[in-house]
Amino acid sequence: MLYTRENADAFVAQRKYLLKDEYRLNYHLISEFGWMNDPNGFIYYNGEYHMFYQYYPYQPVWGPMHWGHAVSPDLMTWKHLPVALAPDQTYDRDGCFSGSAFERDGRLYLMYTGHIVTGTDNDYRQNQNIAVSEDGIHFEKLAANPVIRTEQIPAGVSQKDFRDPKVFERDGAYYVVLGSNDGHGSGLILLYRSFDLVDWNFIGEIARSDGKLGDNWECPDLFELDGHDVLVMSPQRMPAQGDDYHNVHSTTYMIGRLDILQSTFSYDRYEPVDYGFDYYAPQTTTDERGRRIIMAWMETWETEIPTQLGHYWAGAMTLPREVVLQGESLVFKPLEETKAYRKNGYETSDIVLSGIKDMDVSGDCYELEVVFKADQAEEFGLKLRVYGEEETVLSYRQAEEKFRFNRDKSGIGLGGERRTRIAMKDGLLALNIFVDKSSVEVFIQGGEKVMTSRIYPSTRSLGIQTYSDGVCTIVSFKKWDMMK
Ligand code: FRU
């Protein structure tokens, strides 16, 4: 197979009719056809949001990575553009892996990892490359690639895992963070600097796992927020800690301080970015309004995705979320742009609830805003996508102050439960929930914690129920269909 941008686009155009619609999301970014993973090159450029992504158009499985490309005026409605990068050079022949975007003198630059398989036993090398575009659509790879060569990896660090460049500018210089590991089970982050984008120098290793944070770090993203430096990254094979980090691979953030002279990123603690089943490799950008926006791949590696069989597509992006510093933590909020997509509003309030209640509304593509007052209830919550035996259960237990997302009866695909501790506020629990065909995103207490998961219910599972074990009050229940 000759991997070129043109071949990829032509293949997709010819095969698109095969797509099965059943689980395709309506107001989330998904690929036109085939496989999608990490968000890449997220940027607000020339008045539009650009999102690139890891893309294998030929089958709904991971393969030699291309960069898919979509643009949006509001991060909700996306238009697909031609494939931006194909693995068509010697230095990236087995994949154009994840990376980021930046603007310079009106041009759009992409920096990405070239992946080269060197042997039969999954040995590989990785390097960093740049491509540039005048129009934000067609990209040319620099003649100087690779701009960071495998030989520029310092000693004592994996000579294989060296990927996912995220570029940022500080004090007139370009910096890039890269994910790696020490070869002995600890993930780490490397920092390089350039003044001209072609010559890059190693500055230092700015952070390393304390032994509990996974054996390889992927997709680092280092940015400033309200005078702090924030590091978001995706540790592989991080062991669970209490209710947290139960997925095979996780995401975490640290609020700290980057000291470039000392080449250290110091931080006190780390927190999960999301508490659900399907959230990985997030990337952030800022827009003209100064918001810091984060999007992630709404999947988990090394699981079977039901649409891989017979549906011709796999993978989706989460909703874009605004990252806000609140006290010592980050909160993640849905963007206000989502409100323009609300249709058929429904509202009810002050319902005394005991047992199960069918709500008067239903759907598979909607937003809910629900406020519960716990009163004497031991457990209360919502059942979504209900029909017959099928249901997806979101519940809260007062005694242990835990919120649960249970997808054991959600349909086909993986089951399981994720839990997280969160306190009631003045006796109230506020939920903002987005359902889109095969996804559920739950913003708890104004985004203090978010749970993101994929589910695959039957098309008939449209019911919405509330329930309470003991008596509680639904202070308010609002529902909108979400439409394009
Ligand atoms: C994260 C990741 C990256 C890599 C890409 C390959 O999900 O493993 O580290 O660049 O996916 O598709």
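My entries follow, starting with the ground rules.

**Ground rules.** I am working on a predicted model, where local features need pLDDT of at least 70, side-chain atom pairs count only at pLDDT 80 or more, and totals for chains, interfaces and linings use all residues. Residues are numbered from 1 along each chain as its sequence is written, and side-chain values use heavy atoms, with hydrogens and water left out.

**Domains.** I began with how the chain is divided: domain 1 covers 5–334 and domain 2 covers 343–482. These bounds come from an automatic or database domain assignment. I found 31 Å between the C-alpha centres of domain 1 and domain 2. Across the boundary, 35 residues of domain 1 touch 36 residues of domain 2, where contact means heavy atoms within 4.5 Å.

**The ligand.** Which residues surround the ligand? I noted Asn37, Asp38, Gln54, Trp62, Met65, Phe97, Ser98, Arg163, Asp164, Glu218, Tyr280 and Trp301. A residue gets on that list if one of its heavy atoms lies within 4 Å of the molecule. By type, I get five nonpolar, three polar and four charged residues in this shell. For that sorting, Ala, Val, Leu, Ile, Met, Phe, Trp, Tyr, Cys and Pro count as nonpolar, Asp, Glu, Lys and Arg as charged, and the others, Gly among them, as polar.

Next I looked for polar contacts, meaning pairs of N or O atoms within 3.5 Å; within protein, one must be able to donate a hydrogen and the other to accept it, and residues adjacent in sequence count only if both atoms are side-chain atoms. Asparagine 37 has a polar side-chain atom 3.1 Å from an oxygen atom of the ligand. For tryptophan 62, a side-chain N or O atom is 2.9 Å from a ligand oxygen. Arginine 163 puts a polar side-chain atom 2.8 Å from an oxygen atom of the ligand.

How much of the ligand does the protein bury? It buries 95% of the 320 Å² that the ligand exposes when taken alone. Those areas come from the Shrake-Rupley method with a 1.4 Å probe; for residues, only the protein chains shown count as cover. β1 (34–45), β5 (96–104) and β9 (163–170) each give two or more residues to the shell. Strands here are DSSP runs (E, at least two residues), numbered from the N terminus.

**Sheets.** I then followed β1 into an open sheet of five strands, ordered β4-β3-β2-β1-β19, with mixed pairing. Its edge strands are β4 (79–85) and β19 (313–314), each pairing on one side only. Two strands pair if DSSP finds at least two bridges between them. β1 and β2 (residues 48–56) run antiparallel and share seven bridges; tyrosine 45 has glutamate 48 in β2 as its bridge partner.

β7 (residues 124–133) meets β8 over two bridges, and valine 132 is partnered with glutamate 140.

β15 (residues 252–259) and β16 (residues 264–272) pair antiparallel over seven bridges. Four residues sit between the strands of this hairpin, and serine 263 takes a positive phi near 45 degrees. My last stop was the peptide bond from asparagine 145 to proline 146, which is cis, with omega near -10 degrees. Proline 146 lies in the loop between β8 and β9.
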